[in-house]
Amino acid sequence: MPLIRPITDLLNTNEISDFCHAQREPVFITKNGYGDLVLMSMETYEDMFETARTDAAIAASEAEYKRTGRLHDAKDTFDELGSKYLG
C-alpha cells in the first residue's frame, strides 16, 4: 500500500527515509492536495531502473522477432561473441 504524505511532512526527513528503506516502497508527496513528488531509497530506484531496462530489452527483442521472424540460437550467439571478443 503506497504511503501518501503532505509536503509539510518533509520536515521530518529521518522518518520518511527510514520508511523508504524499511519498506522498499516509494512515498508519494502531495502539495495542496495534489500529487507532487515521489521519494524512494536508492536501492528501490536502482531495482526499478534495472527492471525497466530489462523490460525494454525484451520489448526490443520481441519487436525484432516480429520484424524479421528470425530467432537466434543461444549457443551460436555465444560462440560468435566469444570468437569476436575473446579471440
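This is a predicted model: local features need pLDDT of at least 70, side-chain atom pairs count only at pLDDT 80 or more; totals for chains, interfaces and linings use all residues.
## Strands β1 and β2

Strand β1 and strand β2 (residues 27-31) run parallel and are joined by four bridges. Two strands pair here if DSSP finds at least two bridges between them. Helices (H or I, at least four residues) and strands (E, at least two) are DSSP runs, numbered from the N terminus.

Residues are numbered from 1 along each chain as its sequence is written, and side-chain values use heavy atoms, with hydrogens and water left out.

Side chains of opposite charge can pair when their charged atoms come close. A salt bridge is a side-chain nitrogen of Lys or Arg within 4 Å of a carboxyl oxygen of Asp or Glu. By this rule the model has four salt bridges. Arg-5, Asp-9 and Glu-15 are linked in a network of them.

Take the Asp-9 link to begin with. The closest N and O atoms of Arg-5 and Asp-9 are 2.6 Å apart. Arg-5 also forms a salt bridge with Glu-15, and here the closest N and O atoms are 3.1 Å apart. Arg-5 lies in strand β1 (residues 3-6) and Glu-15 in helix α1 (residues 13-23), so this pair ties together parts that are 10 residues apart in sequence.

Buried means under 20% relative accessible area, exposed over 50%, and partly exposed in between (1.4 Å probe, protein chains only). Arg-5 has a relative accessible area of 16%, so this residue is buried. Glu-15 is at 38%, so Glu-15 counts as partly exposed.

Lys-75 and Asp-79 form another salt bridge, with their closest N and O atoms 3.0 Å apart. Both sit in helix α3 (residues 74-86). They are four residues apart there, so about one helical turn separates them. Lys-75 is exposed, because its relative accessible area is 55%. Asp-79, at 42%, counts as partly exposed.

Rings of Phe, Tyr and Trp (its six-membered ring) pair if their centres lie within 6.5 Å; planes under 30 degrees apart count as stacked, over 60 as edge-to-face and the rest as tilted. The count comes to one aromatic pair. Tyr-45 and Phe-49 have ring centres 6.1 Å apart and planes at 25°, so the pair is stacked.

Both residues belong to helix α2 (residues 42-68). They are four residues apart, about one turn of the helix. Tyr-45 is partly exposed, at 45% relative accessibility. Phe-49 is partly exposed too, with a relative accessible area of 46%.

Ser-41 lies in the loop between β3 (34-39) and α2. Its relative accessible area is 4%, so Ser-41 is buried. Contact means heavy atoms within 4.5 Å. Leaving out residues up to four places away in sequence, Ser-41 touches Cys-20 and His-21.

The side chain of Ser-41 also makes a polar contact with the side chain of Thr-44, at 2.9 Å. A polar contact is a pair of N or O atoms within 3.5 Å; within protein, one must be able to donate a hydrogen and the other to accept it, and residues adjacent in sequence count only if both atoms are side-chain atoms.

## Other loop residues

Arg-24 sits in the loop between α1 and β2. Its phi is near 55°, a positive value in a residue other than glycine. Arg-24 is partly exposed, with a relative accessible area of 41%. Asn-32 is placed in the loop between β2 and β3. The phi of Asn-32 is also positive, near 55°, and this residue is not glycine. Asn-32 is exposed, with a relative accessible area of 70%.

Leu-71 lies in the loop between α2 and α3. At 66% relative accessibility, Leu-71 counts as exposed. Leu-71 and Ser-61 are 10 residues apart in sequence, and their C-alpha atoms are 9.5 Å apart in space.
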